[in-house]
Structure formats: structure tokens, C-alpha cells
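The following paragraphs lead the reader through a predicted model. The account begins with a single residue and widens to the relation between the chains.

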Number of protein chains: 2
Amino acid sequence: MVNKLIKFEVLHTCKQSGARLGKLTTPSGVFETPIFMPVGTKATVKTLNPQEIREVSEGLILSNTYHLWLEPGVDVIKAHGGVKKMMHWDGAMLTDSGGFQVFSLSGLRTIEEEGVTFRHHKSGAELFLSPELSIEIQEAIGADIIMSFDECPPGKASYEYQKNSLERTLRWAKRGKDHLKTDQALFGIVQGGLYEDLRRHSAEELMKIGFDGYSIGGLSVGEAKEDMYRITAFLNDILPFDKPRYLMGVGSPEDLVEGVIRGIDMFDCVLPTRNARHGMVLSTTGKYNIKKLEYKFDMDPLDPNIKSPISKYTKSYVRHLFRESEILASRILTYQNLLYLKHLMAEIRQAIKENRLLDFREEFYKKTNY
Amino acid sequence: MVNKLIKFEVLHTCKQSGARLGKLTTPSGVFETPIFMPVGTKATVKTLNPQEIREVSEGLILSNTYHLWLEPGVDVIKAHGGVKKMMHWDGAMLTDSGGFQVFSLSGLRTIEEEGVTFRHHKSGAELFLSPELSIEIQEAIGADIIMSFDECPPGKASYEYQKNSLERTLRWAKRGKDHLKTDQALFGIVQGGLYEDLRRHSAEELMKIGFDGYSIGGLSVGEAKEDMYRITAFLNDILPFDKPRYLMGVGSPEDLVEGVIRGIDMFDCVLPTRNARHGMVLSTTGKYNIKKLEYKFDMDPLDPNIKSPISKYTKSYVRHLFRESEILASRILTYQNLLYLKHLMAEIRQAIKENRLLDFREEFYKKTNY
């Protein structure tokens with residue numbers, strides 16, 4: 001039932017907020033939670049090499065099954081003995097199921113009980129993905145933690161649509177679990193849109209099947225922040241205490257703080273890496289755009305409170321590099337943004353230990369523009 | 001007359017080829033010559049950070065006066081105390097004069113005795129550059145070695161044009177030298193197109209003015225290889241033995257070998273870095289394009305004979321990164337290409353020491369597709 005290679009325990013619960021401090025043990029590392037996982041979509045966290053990924057992460061990253069399945073493909077990945085060996089990542093890895101990309105990137109698709117037929121998001125070629133195939137691809141990729149194949153319905157889907165989709169996703173979750181031949185840890189994904197009864201039903205049925213952890217999907221897809229916070233808090237009372245809870249696709253600094261307060265242990269998001277490539281800096285003093293004229297002569301580092309290999313560069317220099325589209329700018333900004341989220345998560349864990357996470361949130365909003 | 005902070009001596013002359021092994025002493029490092037200098041156009045060698053530049057170079061890089069003058073501008077550079085401090089480069093640096101870019105990037109220009117009026121290559125704004133201003137900008141940039149402001153006429157320019165241009169460039173060289181207020185080493189630039197009498201005249205007149213080194217400009221601008229080799233060899237007998245000779249803009253592996261045989265001590269070129277971003281690999285086994293299907297399952301490193309931090313990556317993985325336009329691909333390929341040229345120059349220097357550079361050239365052409 002329970003995967004033997006992965007272990008999770010809640011070490012402490014913040015007396016002020018109820019937030020959880022946990023320990024996640026994997027074959028490739030032991031991690032304190034709550035944790036943020038940088039996204040390495042195509043077998044690289046964009047702009048960084050493995051040593052730098054190690055420096056700006058806790059040692060646990062995400063890769064995307066859909067993208068890796070298409071390029072370089074399962075045969076190339078297998079020839080390397082898995083994605084971790086291919087990219088020379090000696091830390092831990094989590095993969096999503098490909099479901100989210102099938103439903104968000106491809107316009108044309110047919111959903112049937114067996115699986116989904118859809119068009120390649122670039123070439124237009126017809127492709128098919130099923131719960132079993134998703135598991136097989138994730139087995140080839142070889143992450144420590146993998147996901148059930150799910151449908152992620154559009155945010156504005158009707159109650160009826162959400163309900164039918166959810167029931168099928170539950171059957172898919174069972175099929176995926178039955179199909180798994182490795183000892184990778186498998187998480188189930190809670191769906192149900194913004195409907196609390198559907199979310200409850202989804203969580204409870206997944207718990208009956210039994211998974212190593214529970215992901216919350218279908219949030220951070222365009223809904224209001226209050227709705228995301230409401231559904232997360234709602235599931236906090238339903239999901240099993242002794243299993244990790246992963247809020248998928250969430251990673252703005254404020255959502256990390258709010259998510260942890262609502263019981264979340266794991267997060268991933270492209271926001272810090274993608275925004276870096278657009279000049280947006282996340283820092284201990286808040287977010288800002290390095291392109292702005294006010295930084296032209298600014299001799300301070302990007303973040304005055306985090307010492308790192310990039311703190312030698314002035315804002316003025318990074319602004320110059322960014323304006324000139326130099327790749328080094330994307331490297332420096334990506335490094336800064338991920339390092340800041342690592343720093344923030346460490347602060348959050350410390351605040352949980354000290355039972356003052358609500359106080360921390362207040363200071364966080366006061367001291368920054370998040 | 002002679003700059004006191006820079007020193008050059010010829011340590012040995014290859015008995016087989018006549019090629020020179022030298023020692024170039026600068027305030028920021030001592031270098032064995034012949035040497036290849038990576039190009040850091042806009043205060044960064046594209047894709048690399050200063051530590052990586054150190055690893056793939058001898059510690060001497062080039063920066064472009066024209067680009068740095070326009071962005072970030074002299075005021076920002078001065079605020080940092082020079083470009084080396086701005087980019088955190090603790091090695092040595094050489095700057096060109098901006099002349100080449102004025103004549104190659106800007107379509108509209110008016111050349112007068114005082115200087116050149118031209119249009120910004122992007123914005124179209126009217127700009128003016130003169131020998132004195134070029135020196136002042138280079139003083140602000142703060143390289144160890146700087147260049148005289150020259151006109152680089154188009155390769156197909158007539159004898160008459162070349163002659164008039166050359167005389168003006170000689171007057172500009174004198175004005176630049178007279179204007180220099182720092183103790184930076186100043187090189188004169190030999191022009192004269194493919195006309196040997198003009199080249200001789202240019203070299204001899206520059207030698208009368210007296211410079212710390214002599215650059216050969218106006219080659220590698222589209223002429224036949226034989227012409228480039230012929231002019232280089234011709235100047236080998238004219239330029240002073242005890243001063244460094246710098247062949248500007250040359251950097252293909254075969255041109256480095258051929259240039260050294262014709263008496264050149266210093267080279268720079270964007271070829272290794274630019275071609276890297278187009279997937280072209282320079283290696284000890286020859287050049288190849290990593291995009292090719294034949295590398296899809298290739299588990300070998302990019303270069304089987306050079307051990308480095310990137311030799312852990314397979315060709316298959318780098319091909320995948322390149323096809324997916326991942327920045328890490330450009331980083332890895334840039335690193336490889338520069339590291340290979342560093343390796344090649346070390347082999348060349350060794351062959352000079354052993355008086356077998358012509359044998360080396362034969363093996364080089366036999367073992368590779370250069």
C-alpha cells in the first residue's frame with residue numbers, strides 16, 4: 001500500500017497558524033517541509049546548470065512528463081538511464097502526469113474513458129495519453145515522486161462537467177496505481193474545481209484508493225485568490241494528516257505563505273524562473289523590475305539580505321545585461337528568484353518552529369510589496 | 001615612449017616555422033603567447049559568468065568600445081570604476097577602438113579629418129566618434145591594452161580609397177597617442193587592405209610614431225584566405241620583433257594555426273561564441289553541428305579529449321537542450337568552443353617550444369575537418 005522508499009512525518013504544528021513542519025524522506029534526499037520545488041520542464045531548470053540548481057533549491061525539483069515524452073522522448077531518456085542521469089542531477093525529482101499540459105497546451109482533444117487523443121501543441125501530430133501510459137513514461141523518467149494522470153478542467157467548467165470529469169479522473173487514478181511496476185512514490189491529484197462537495201468527494205475517494213501523498217490540482221489556473229485559499233483551507237481538514245500535501249503550480253511569495261498557513265507541504269511553479277527572464281526580481285525587499293531607469297546607477301546587489309555568488313553584481317550591471325538581452329542576465333535573475341524562494345521557505349519553516357507564522361505573515365506584508 | 005606597465009618578450013622562435021613564443025606581462029596577469037582572447041562585447045562573454053570565463057580563457061579577454069560607449073554608457077561605467085569592476089573580471093582586458101563597428105554596423109556615415117559622424121545602428125540617432133573620444137572612452141573602460149581609432153575600409157575599396165583612408169588613419173593614430181593620459185598600453189592598427197605597399201607604409205609609419213604593440217586590421221573581412229595569409233606573412237618581416245602582433249577578428253582553428261606560423265602573437269574572434277549559439281561545436285576531433293540526428297543517442301561527451309565540468313554531459317543531452325532552445329545549451333557549447341581554442345593554443349605553444357609547428361599543422365589537418 002504505502003511506498004517503502006519515501007517517508008513523511010509531521011514534526012511540528014505551528015500553534016499560531018496550524019501550519020505543518022514536516023520531514024520528507026526520499027531515496028535521493030531528506031527534506032524539511034514546507035518546500036518549494038523549482039521547475040525543470042525539459043530536463044533543465046531554465047538557464048541553470050545542476051550545481052547552480054543545487055545551490056538555489058533544497059535538492060528537490062520538478063520535471064514535466066508531457067514535455068519530456070515529446071522531446072527528447074522516452075527512448076533517449078531510457079538510453080541515459082532516466083532523466084536524472086541525463087541531466088546530471090543527483091538530487092530528488094518529482095514529475096507531474098502530463099495531464100495539465102494535455103489540457104492546457106492542446107486546443108483539440110477528445111477525452112474518452114480509455115484516455116485522451118489530442119494534437120501536438122506545435123506539430124499538430126495526433127497523440128494519445130492514458131493513465132497507464134503516463135505511469136510508464138514517468139517510470140522511464142525515473143523521478144522519486146510521480147503523479148496520477150488527471151483531467152484538469154477549465155476554471156469556468158460547469159458543476160456537471162466537473163463532476164463527470166472528477167469521476168473519470170478517480171477511475172484513472174485507480175488504473176494508474178494498479179499499473180505502476182516500480183517503487184516510485186505515487187501521489188493522487190484532488191480535482192473538483194471550486195465546488196467544496198466535489199473536492200471533498202475527490203479527496204475521500206483518492207484516500208480510499210490510497211496514495212503516498214495528495215496533490216491539489218485545478219487551482220492557480222485563473223480563479224480569484226480567495227477561491228484558491230478557500231479550497232486549500234477546506235481540504236486541509238479532509239486530507240490525511242500523515243501524508244504530504246502538494247499544491248500544484250503555486251509559487252508567488254504571498255501564495256507560498258498563504259498556502260503553508262492552509263496546511264500545504266509542497267509547492268512548484270514556473271513563476272520565479274519565467275519572470276526572471278522578463279526582468280522581474282523577487283527579493284527580501286519585494287518584487288521589482290530591473291529594467292527600470294531608477295536602477296541605472298544603482299550600485300547595490302539585487303537583494304541586500306542574501307549573500308550569494310551573484311551578490312557581487314550591481315543592479316546597474318544586471319540592468320545593463322538585461323537591456324542588452326544578455327543570457328547572463330537571465331542566469332543571474334533566475335538564480336536570485338529561486339534563491340529568494342529558498343530563503344523565504346526557510347524563514348517560513350523557522351516561523352512554524354517558533355509558533356509565529358501569522359506574525360511572520362504580517363511582517364512579510366509590511367516589509368514587502370507582495 | 002614605451003608603456004612601463006606592459007612588457008613583451010619573445011622567448012623562443014620555432015626552428016621549423018619561425019613562429020614566436022612570447023611572454024606578455026600586463027598589470028592584470030602574465031600570459032604566454034600566442035594567445036586567443038575571447039570576446040566580451042557588452043561587458044560579458046556571452047552566456048558565461050566571470051568564473052567560467054576564467055576557466056575557458058588564459059585570463060585575457062576583449063571588450064568592444066563601440067557597444068559599451070552606447071550601452072550602458074561611459075557614465076555608468078565610470079560609476080563602477082571601469083568595466084572590469086562592473087563585470088567582476090579580475091583578469092586582463094583589451095579594448096578595440098570602436099572604429100570597426102562604426103564602419104561595419106552603421107550604414108550612414110560621414111568621414112572627416114576630425115572624426116566620423118554616423119547613425120546609431122539601432123536608434124538611428126546621430127553620433128560622432130573621433131580618435132580623441134575613442135581614447136577617452138577606452139580610458140573610462142579601463143582595459144590594460146587599448147587600440148588606436150582607425151578606419152577599416154570595405155574589402156573591395158579601391159587603391160586610391162585605401163591610400164587616402166590609410167593616411168588619415170595614421171594621423172588619427174598620432175592624435176590618439178598624443179591624447180592618451182593614462183598608462184594603458186596603446187597599440188597601433190595596420191591597415192592598407194590587400195595592397196602590400198600600403199601595408200608596408202602603414203606599418204612603418206606607425207612604428208615611427210611608436211606603439212606598445214601592432215594590430216593588423218582589415219583582414220578576415222571577407223577576403224580569400226590566401227590573401228589574409230599573404231598579408232600576414234608580408235607584415236611578419238616588417239613589424240618589430242620585440243612588440244606583440246595582434247591579428248584582429250581572427251579565430252577559426254585553422255586561422256589560428258596559420259596565423260601563428262606567420263608570426264602572430266594575439267588573436268580575438270566572436271566565432272567560437274557566436275557559432276556555439278548556432279549549435280556548431282569546435283573540438284579536438286573537428287567541428288560538427290550538435291543538431292544532427294546522428295547525435296540523438298550519442299552517449300559521448302562533446303569532446304573526447306578535454307576533461308572539464310561539461311564533459312559529463314552527453315552529446316545526446318546537449319542536442320536535446322539545443323533543439324529545445326534551452327539557454328543551458330548555449331552555455332555548454334560556448335564553454336566547449338572556448339575551452340577547445342584554449343587547448344589548441346596550448347598545443348601550438350608546445351609545438352613552438354619543440355620546434356615542430358609545421359608537423360603539428362600537418363597532424364592538425366589530418367586529424368580534423370578544419
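B:Lys243 is buried, because 20 other C-beta atoms lie within 10 Å. A residue counts as buried if 20 or more other C-beta atoms lie within 10 Å of its own, as exposed if 12 or fewer do, and as partly exposed in between, with C-beta atoms placed from the backbone. Residues are numbered from 1 along each chain as its sequence is written, while chains are lettered from A and ligands numbered from 1 in the order in which they are written. Because the model is predicted, local features need pLDDT of at least 70 and side-chain atom pairs count only at pLDDT 80 or more, whereas totals for chains, interfaces and linings use all residues.

B:Lys243 is placed in the loop between α9 (225–236) and β13 (245–247) of chain B; here helices (H or I, at least four residues) and strands (E, at least two) are DSSP runs, numbered from the N terminus. Leaving aside residues up to four places away in sequence, B:Lys243 touches B:Phe8, B:Asp212, B:Gly213 and B:Tyr214, where contact requires C-beta atoms, placed from the backbone, within 7 Å. The C-alpha atom of B:Lys243 is separated by 8.5 Å from that of B:Phe211, although the two residues are 32 residues apart along the chain.

B:Phe8 stands opposite B:Leu24 in β2(B), and B:Lys7 stands opposite B:Thr25 in β2(B). Strand β1 (residues 7–13) and strand β2 (residues 20–26) of chain B run antiparallel and are joined by six bridges; two strands pair if DSSP finds at least two bridges between them. The two form a hairpin with six residues between them, and B:Gly18 in the turn has a positive phi of about 85°.

The relation between the chains comes next. A rotation of 180° with 0.0 Å of shift along its axis superposes chain A on chain B (RMSD 0.0 Å), by least squares on the C-alpha atoms of residues with pLDDT of at least 70 in both. The two copies are therefore related as by a two-fold rotation axis. In chain A, the C-alpha nearest the axis belongs to A:Ile327, 3.7 Å from it.

At the interface, 31 residues of chain A are in contact with 31 residues of chain B. On the side of chain A that touches chain B, α3 (74–80), α4 (83–87), α12 (315–323) and α13 (327–353) of chain A each supply at least two residues. The largest share of that side, five residues, comes from α12(A). Because 100% of the interface residues of chain A are also interface residues in chain B, the copies meet through the same surface.

Methods:
Two residues are in contact if their C-beta atoms, placed from the backbone, lie within 7 Å.
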